Amino acid sequence: MSLRLPWSRNPLKINDITSSLKKVWGTQESEARCKLATAYRLTHFFGWDDLIYGHLTLKVPGTQHILINPFGLHYNEITASSLVKIDLAGNVIDKGTSNFSFQRTGYVIHSAIHESRSDLNALMHIHSRAGVGVACSVDKMVPMCQHSVFIEPVSYHPFRGIVTQESEKIELAENFLAPSKCLLMKNHGLLTGGATIEEAFSRMYNFHTVCQAYVDAGYTHRPVPPEKILSEDIIEMSVKAAASMDGEHFGMMDFAALARQLDSAGYETGYPHS
């Protein structure tokens, strides 16, 4: 899937942080806000968004605070300054520049994982069409295409209804343990994590692509034939090869390239290009 940007005479710029706001938030938080807002816009332009639902979060560097979308804004309306900053107890630290607060469902899901997985500074949770299709029909995913290399091992979480109760945080944490960075939320959607938002986004790109391959190949209503499943040896060799190319900077070149496309179209991401 490629990024297709609609033409706009006056695109809503992503980096709308004024000099006065940057003095309040500092350089690191301002940069984190730009990166996360860019990820929201990319999620929209890739067609993974679901009206105003779903959530992407990013820890503010050096803190236990997370940035989350203001619930009520479309992903294509989210800017760096509009993001809401909350703590892991759900208290608003900074409401941002919009008139909206955050959604409790997003807080419960994301805080559960941010609390239990110190290795995951960024999380993405989407309800893409292919992702929901697989979440509703496949009990256990198997590696069957090249993109599978970047999502293994996949974890699973059962559907307990719309997530609003803090009691579900325990089960969520138990079902999403390291080293997994991809969680199939049954009857619900997809969730990925990463040390950076770039990694979380790249994991999601691959996760969604594998789900789309399941749908396109007809494997949502019949098992993947054994001869089509990649062997553990191939998976292990491919993971090592991928690590040698990108290493701890997983997804950063991909994300930077996409941010450049947004910048060229006038969206002014504020992404720190080298």
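Two strands pair if DSSP finds at least two bridges between them. Helices (H or I, at least four residues) and strands (E, at least two) are DSSP runs, numbered from the N terminus. This is a predicted model, in which local features need pLDDT of at least 70, side-chain atom pairs count only at pLDDT 80 or more, and totals for chains, interfaces and linings use all residues. Residues are numbered from 1 along each chain as its sequence is written, and side-chain values use heavy atoms, with hydrogens and water left out.

In strand 5, His125 stands opposite His55. Leu58 has Leu67 of strand 2 as its bridge partner. The two pairings are set out here.

| Pairing with strand 1 | Bridges | Direction |
|---|---|---|
| Strand 5 (residues 122-126) | Four bridges | Antiparallel |
| Strand 2 (residues 65-68) | Two bridges | Antiparallel |

Strands 1 and 2 form a hairpin with five residues between them. Gly62 sits in the turn and has a positive phi of about 80 degrees.

Strand 1 spans residues 55-59, and five of the five are buried, so the strand is largely enclosed by the rest of the structure. Buried means under 20% relative accessible area (exposed is over 50%, partly exposed in between; 1.4 Å probe, protein chains only). His55, Thr57 and Lys59 point one way, Leu56 and Leu58 the other.

**Thr196**

Thr196 lies in the loop between strand 8 (189-194) and helix 5 (197-217). A polar atom of its side chain is 3.0 Å from the backbone nitrogen of Glu199. Neighbours within four places in sequence aside, Thr196 is in contact (heavy atoms within 4.5 Å) with Ala122, Phe250 and Met252.

Technical notes. Polar contact = N/O pair within 3.5 Å; in protein donor to acceptor, adjacent residues only side chain to side chain.
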